[in-house]
Each structure stands twice: as structure tokens, then as C-alpha cells.
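Hello,

Here is the structure I promised to pass on to you. Have a look at it first, and then read on for what turned up in it.

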Amino acid sequence: MGEFKVHRVRFFDYMPTAIRAMAFNSRTERLALARADGALEIFNFADNYFQEKVIPGQDGRAVEALCWVGQRLFSAGLNGEITEYDLENLRPRYTVEAYGGPIWTISSNSQGTLLAVGCEDGTVKMFEILEERIQFQRNLDRQKGRIISLSWHPSGTLIAAGMMDMIRIFDAETGRATHRLLVERGVGASKSKEVVVWSIVFLSDHTIVSGDSAGKVQIWDGVTGTLVRTQLVTKWDVLALSVSNDESSLVAGTSEGTVVQFQFISSTVGQQDKEWVRTRTFKNHSHDVRALAHTETAVVSGGMDTQLVVRPLLDKVEKNTQESALRKMTLPHRSLVCCAKKAGLLLFQFPDHLELWRLGESDGHGEVLKQKDHICCSALSPCGGWLAYSTVTSFRLYRLQNNNISITKVSKLPKDLRSAHQLCFSPDSSKLFASSSHSSVIVVALNQPECKYLHTLKPKSGSRQPVHLLFASEDGKWLATANTDCEIHVYNLDKLKLHCTVPVYSSCPTAIAIHPTTSNLVAVHADQQIFEFSLVQKEYTEWSRKLQKQGLHSLWLERDTPITHVAFNPQNPAHIILHDTFMFCIIDQSLPLPEAKTPFYNQMTLRSLPEPQRIIHSHAFKICKNFQHLMCVSLLEDHSLVVVERPLLNIMSQLPAPVRQKKFAT
Amino acid sequence: MAKKQRGKSASSSKTADIKQQTDHFSLMLESSDDEAPEEVTFEDSKAEALRSMKQALDTARREKEQLKEKRRKRQELFQEQKKRKLLPADVLEEIDSKEEKEEERQTGTCPEVCKLPFSTPERESASFQQQAAEDFLQSRMYGPGSCRTTSNELLSLQNKTGRNKSAAVQFCFNPEHCELCPNNTRT
């Protein structure tokens, strides 16, 4: 492997934001997630839980609830607005004011024709879902308290609303409130506080399940309006409920960080009469669980500890397989760090500002944004002379001079450069590439002091998905792009046209890079597969075929975080350097590939062996787990390694207050 | 048998004629000087003692609440002042032309990260409602009676009960995070 001088960087104070709401689309197998800063993320559950898309947040958006209607995604928040999102261009499509004050909940009927929102002023507002927009239809009977949660009956004729101290059932057609279900307050000190029905579910057999701030999960008969059962699951609040599609299983999320499962089963085997019985309790969070989703095979939870947890249910998947493993998503599946190799500079991307650091110094330079919109993407040129970033609505380019002490904004930008999903500078810092709408890439020439529009590169496939990966080759000849349709296109920059398209692989690419001397494109995908494609020959390389034939080692394929960065070693052309959150790996293409039975993580054992033995036992994948959690691993021009870490403990120690649990002997 | 005394403990809400009766009664008592000392029944004295104790507790509780209220108001005032102090700077930077001039000559030191709520006059009332809703959430989740601890304590507990015991996670290197540490020691 050789020795590297390592710059160990731990001053990237990245803090993920709390998860506020989530919604699972079972048809497309996509999970939409809303965070406290208004950011929206889409995870592809069919592609190894890859975080496909991120729509940056906005100050004041305060999303409280999400709702899928077919392929369309809607959110509602405390700013009183309903927003529909454009998932192809990664931005809000439009917003509609509900004029009911802050909105607490949003839900659509199963037919997908009406959208109901619960407002602070006590109204449930109905909106018609039209093709390109939504239109206000009417209000249901106004109530005296705020509407905190809503649930449609699957038939679309009734709506159950969770409020303060009570639940109301509405007739969706007449708008009249037909039943009032009184929810009991807590005991002792909580008796003086109103009980909040945080979450509610209306089942097809007219059973209503509610979760409230007194820690109860209550089962009601929605026809008679009577209480059937009460189950106290926690001393704190039950914040979220989610039911499976077949209505056989229900989960409740609490402030303690536990997720309690109820199943509709008969308490005695063989008997016909079923009831809701509390079965499992999962404790996968340290803080409040505010959002839940119940897929066919798993329970997905998220909350104040910012981690997304997928807990497969062992009665739905095979035990002890890759499928049944617990998954935790902590750090983003994309790089927030840009390294200027020649200048030894690091650019850290935060939602509302950027930080520029020089390696070896302890003082950083910060660029503060006073904008409502958060940053989508940012980039630093390798020479350290240019800095660019984009939000959903705007694009900014800066010139860095005098050893980066002065930052000058470039005022005249080409009109076509409105906003970008991904940015990349050419290695000689003469061009900037910005991914634009529908998989196209805008090429801009950087001449001091301004920049000029050159060309727009478009793929032939006509894909409408955004480009999320860009890589410009060292010799300035090639530009590789990857989009969320799993397409990888390579453009010839001398001729400014499409050179070739890599055969589409079923999993989304998570990192791409072009080798500086061989011009081989290396692509790593969400399912951990690695491919090497020769741009000159326009076919997979010999090594890649060999790797595919042998297959990757099972321990490599079982890793649960994606590779977010691929780099090469100028001193050794056979090396490929890649990293995920928990390890970085140097693949030595000159060494044999590991076989299935070979111990995979063998670096420590190799070190203890004498030299001749070491050569026999070495295999191509050299893995180092000394640094965690990795946000970036890059190689500088002086052959030193930069490792940017964000230890999980640093994140955890800055989280908000969890509940105080009295444990014996503490 | 000693007569039941009413005397001092008679409440002011009693009607006028009863007061007259009492006055008349006490006048009668004063006239006989060398009578036996006043005998107070057991119930009366017990009631008196309980009443005075309750009063003392009530006053103590009221005082505590008043102090709490004062402290809370002062905290709110400080926050308000802080917001007001930062807000003018924010409004200035919104204006595009001024922003350009500012960024012409941006120098080195890492400026404070200001996270400010975005507000314009027309959205004042809407943002006020939003703030009220957020306050409601905040008070339900983190307000009084929510029984919370700090992340640092949680990590300390995990450390204490875990198999490998190691150093505390936070030694308060960051002054801003010092409030989170129950033991505010600076190493």
C-alpha cells in the first residue's frame, strides 16, 4: 500500500438536521423525508436505500407533514403553505397559501382526488388535486381547537381529525362533524395540561387508532364513537403512528426513542376474533421519534437524533440475511467537501454558508450567506482561484486572490447559468461545468475577470432526471456525468459533443472518476458494484470483466454506506482510492482479486507477516478503518492524503435534549 | 364550659350584624378582668395552626413563582434585544447593491454564522403565527413537565453503563456548549 502523510481534518462541524416527517410511496418504493430545516430527501428503497435526491431547505419552510399523491409529492408546514415539489428539477414547483394559519398535517384520499390539510385555526381545508396544480374546494365544519392530525377512511367518505383533548370524525361529503371522541388527559401533574392527539389512523373496518401526548395508544370504534382499548406505551408522548398497507400491523413512535408495534392477531391460536395486540418494541433511537413509515417488510423511523433507521421485520424477511439487517443512515450519500488539490484548500458546504480552509493553518475563512434558500452544491477549482455555489434560485461565482485573502464576486454571469444541481471545475481551472435541467450540463469558460457561456451538453436519451455526479478528466479531454436514471454519459470536451454512453446498470451510480493516464472511467454504484470502462475502446476493461466474473467479496457487498468519492494515485497508476463512511480502500489493480473465502480485511495480519509471505497473501482490496466517520478522502498534489472526519459522538453531543430516563444504579 | 371564641379569626366577609354581635361580645369580656384565661378549643387551634402553615406555604410558593416569572421576562427581554441588535444588520445586507459592495472587499477572519428568521412587513403576521405554533411545539416537547436531560448526560450514562468505560465526551472546550454540561469545568 505504501505510506502516506495524512492530513487528518476534524474541524468540519457538520450537523445533520432532525427528521420531521416522512412518507413512503409503495408503488415507486421511494421514501420522502422532510427535515427541520426544510430540506427534502428521497431514498430509493429498491436500490440499497440510496439517497437519490436532495432538495435543499429554506429558512421558514418548517415542514410538518408530507404526502405522496401518485408520483407527486406535497408538503405542508407551519408557514401556512402547501408546496408541491418538482422532483426532476429538485425544487418546489409552486406553493399555495391555505389561509388557515400554520398547517399541522396533510393527507390525501386513497383515490388521489382530494388533499385535506389540518390548520391551526381549527379548519380542515379540502383542495382538489388537478393536473398541474391544486385548487381550494371548501372547508369542513370549523372546530374550536387546532387540527393536529388527520386520517382519511380508505373509502374517502370520512375523515378522522386529532385535536386537543378530542378526536372529531367528519363526513367528507357534507363537511359536518359527526362524532366527538373525548381523549382522557394524563394522570397527576399532566391532568392540568391538554392532551394532544399527535397522530391518528383510520382503518377500513372503521377502527380509529390514536396516539397522544399522554403516552397512550387508543383503539376506537369509529361507527359508535366509543373507546375500545387503551394501551399506555410510554411515560412521554406518542408522536407518530403508521399502519401497514394490509392493516395487519401498526407502529407507534415515542419521545423515548422507542417504536412499539401492534399487530391485529387473535390472542389465542386458532380463534377467529382478532384484536390489536402489542407485540414488539424497538429501541433504535436515542431521541424522540417524530416520523414513521410502515413498508411491506420494514419499519422506518426518524426523529430528533437525525438518523434514518430501517428495521426489517423478521416475520417478513428471511433471518440473518443482508435483507434483514438493521440499516441506519446518518451522513449524506454525497460529498459536502471539495478539495483543491493543487492549492491545498478545503471547501465545506453547510446548508446556509460555506467555509474555506487552508491545510496546515488553523484559521479558516468563511463566506456567510444571508439568503432564504439553502445551498444545493458548491465547488472549488483545483488551483484554488475560483469558488462557485448554487441555491435553488441563484448561482454565484467568486474569484479568490492573494492567497485566498480576498474574495471577489463575479458580477456578470451568463443568463443560462441560473441554478445547478452539481458543479465541477476543469483541472486546469479554465472551465466550469454546471448540471442543469433534464440531464444537461452547461459549460462556461472562465476568463479573468468574467466568465462566458460556451455550450450546453445534452444526452441523447432525453432523460428528465437531474445529473448528480460530474467528473472532468485530468487531461481536460473528457467530462463524465451520471444521473438518477442510472445513466452515465461521457462527453468529448475538445469537440463539445457526446462521446459515448456507458451501458446502463440497474443501480444508481454513487461515484465516478476518470483515470488521468489510462482514461478509464471507474463507476461505483449504490449496490456496491464497481465497473471500469475504457473511454478510448468504448468497452469494459479486462480488469472489470475479471472482477465481474469473480464477483466482489461478500464483505464488500454487505457494506451499508455508499462510496461517495473515487480518486487516483499519481505515483501509482494501478491504485484506485475510494471511501465510504466507515472505511477507505485502495484497490491495487496489479494484485489478485480476493476470493470468496479469503479474509477480506487482512491489512493488520499482513503487517505481522514477513515480506515474502506478505506478497503471497496480499489481495487487491486494501482497507483502512482507522478514520471514521469519513466525509472525504482525497489525494493532494504533494501526494499527501487528506482525510476529513466527522466523529458520530461530536454530532450526538450537540443534539437537543432527550428525555430523562431513571435507570437503576445511575 | 368555655364558650367558643370568635374574636380575631373572624373573616371580613362576614355580614355587618355578626360583626356587631362580635363587638358586643368582646365588650362584655373586657369588663370582667379577673376571669379565667381564654380557653380555645382544640379544633380551633388546630384549624388556626393549619391555616397559618398553609398561608406560609402559599406565600412562599407565590414568591417563587413571581421570581420565576421575573427571570423568564428578563430572559425574553434579553433575547428580544439580541434579535433587535442583529436585525438591522440583516436588513441592510438584503439590499442587492449594498451586498455587492460588501463582497468586493471581504477579508479573512471567519465571521459569525448568523441564522436569522427571514421577515418582510407583509409576512409579519404570518410569521408571528408561525412563531406561536413553533412555541407551542417547543413548550409541549421541551417545556415544563417534559422531564428532559442533556445529550451530554445521556452520553455519560452510556459511558458509565457500557462495557468499555472511557473519558467523558464533553469537557466543555466549546464555550457555547458549556450550558449543556452539568459540570461546568474548563480544562
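Let me start with a term you will need: two strands count as paired if DSSP finds at least two bridges between them. Strands themselves are DSSP runs of at least two residues, numbered from the N terminus. With that in hand, A:Met126 stands opposite A:Arg138, which belongs to S13(A). Please keep in mind throughout that this is a predicted model.

**A four-stranded sheet in chain A**

The pair just mentioned sits in a wider setting. Strand S12 (residues 124-129) of chain A is joined to S13(A) by five bridges, and the two run antiparallel. Both belong to an open sheet of four strands, in the order S10-S11-S12-S13, with antiparallel pairing. At its edges are strand S10 (103-108) and strand S13 (134-139) of chain A, each of which pairs on one side only. On average, neighbouring strands of this sheet are turned by 25° against each other, ignoring direction.

Next comes a stretch with a label. The unreviewed UniProt entry places "domain: Anaphase-promoting complex subunit 4-like WD40" at residues 139-185 of chain A. In the model, this span is 47% strand and 0% helix, and its end C-alpha atoms lie 29 Å apart.

**A covered strand and its two partners**

How many residues of strand S27 (residues 298-303) of chain A are buried? Six of its six residues are, so to speak, under cover. As a general rule, side chains in a regular strand alternate between the two faces of the sheet. In S27(A), A:Ala298, A:Val300 and A:Gly302 point one way, while A:Val299, A:Ser301 and A:Gly303 point the other way, and all are buried.

S27(A) has an antiparallel partner in strand S26 (residues 289-294) of chain A, to which five bridges join it. A:Ala291 has A:Gly302 in S27(A) as its bridge partner, and a hairpin of three residues leads from S26(A) to S27(A). Five bridges also link S27(A) with strand S28 (residues 308-312) of chain A, again in the antiparallel sense. There, A:Val299 has A:Arg311 in S28(A) as its bridge partner. The hairpin between S27(A) and S28(A) has four residues between the strands, and A:Thr306 in the turn has a positive phi of about 65°.

**A buried leucine in a loop**

Is A:Leu331 buried or exposed? A:Leu331 has a relative accessible area of 9%, and buried means under 20%, so A:Leu331 counts as buried. Its contacts, leaving out residues up to four places away in sequence, are A:Tyr14, A:Thr581, A:His629, A:Leu630, A:Met631 and A:Ile651. Of these, A:His629 is 298 residues away from A:Leu331 in sequence, yet their C-alpha atoms are 8.4 Å apart in space.

**A sheet with a helix across it**

Further along chain A there is another open sheet of four strands, ordered S46-S47-S48-S49 with antiparallel pairing. Strand S46 (509-514) and S49 of chain A are at the edges with a single partner strand each, so one side of each has no neighbour in the sheet. Within this sheet, strand S47 (residues 520-525) of chain A pairs with S48(A) over five antiparallel bridges, and A:Leu521 stands opposite A:Phe533 in S48(A).

Helix H1(A) lies across S48 and S49 of chain A, at about 155° to S48(A). Which residues of helix H1 (residues 542-550) of chain A are buried? They are A:Trp543, A:Ser544 and A:Leu547. Seen down the axis of H1(A), these buried residues fall within an arc of 100°, so they line one face of the helix. Their cover includes strand S48 (530-534), strand S49 (539-540) and strand S52 (584-588) of chain A. The face turned away from the buried side of H1(A) carries the exposed residues A:Glu542 and A:Lys549. After H1(A) comes A:Gly551, with a positive phi near 85°.

**Chain B**

Chain B has five helices and zero strands, giving the pattern α-α-α-α-α along the sequence. Of its 187 residues, 13% count as buried. The accessible surface of chain B is about 16,000 Å², and 55% of that belongs to carbon and sulfur atoms. Among contacts in chain B with a separation of 6 or more, 36% are between residues 24 or more positions apart.

Enjoy exploring, and write back with any questions!

Terms used: Residues are numbered from 1 along each chain as its sequence is written. Chains are lettered from A and ligands numbered from 1 in the order in which they are written. This is a predicted model: local features need pLDDT of at least 70, side-chain atom pairs count only at pLDDT 80 or more; totals for chains, interfaces and linings use all residues. Side-chain values use heavy atoms; hydrogens and water are left out. UniProt positions are given in the numbering used here, feature names are shortened, and annotations may be inferred rather than shown by experiment. Buried means under 20% relative accessible area, exposed over 50%, partly exposed in between (1.4 Å probe, protein chains only). Contact means heavy atoms within 4.5 Å. Accessible areas come from the Shrake-Rupley method with a 1.4 Å probe; for residues, only the protein chains shown count as cover. Axes are lines fitted to C-alpha atoms, for helices over the stretch in contact, and angles run from 0 to 180 degrees between N-to-C directions. The arc is that of the directions from the helix axis to the C-beta atoms.
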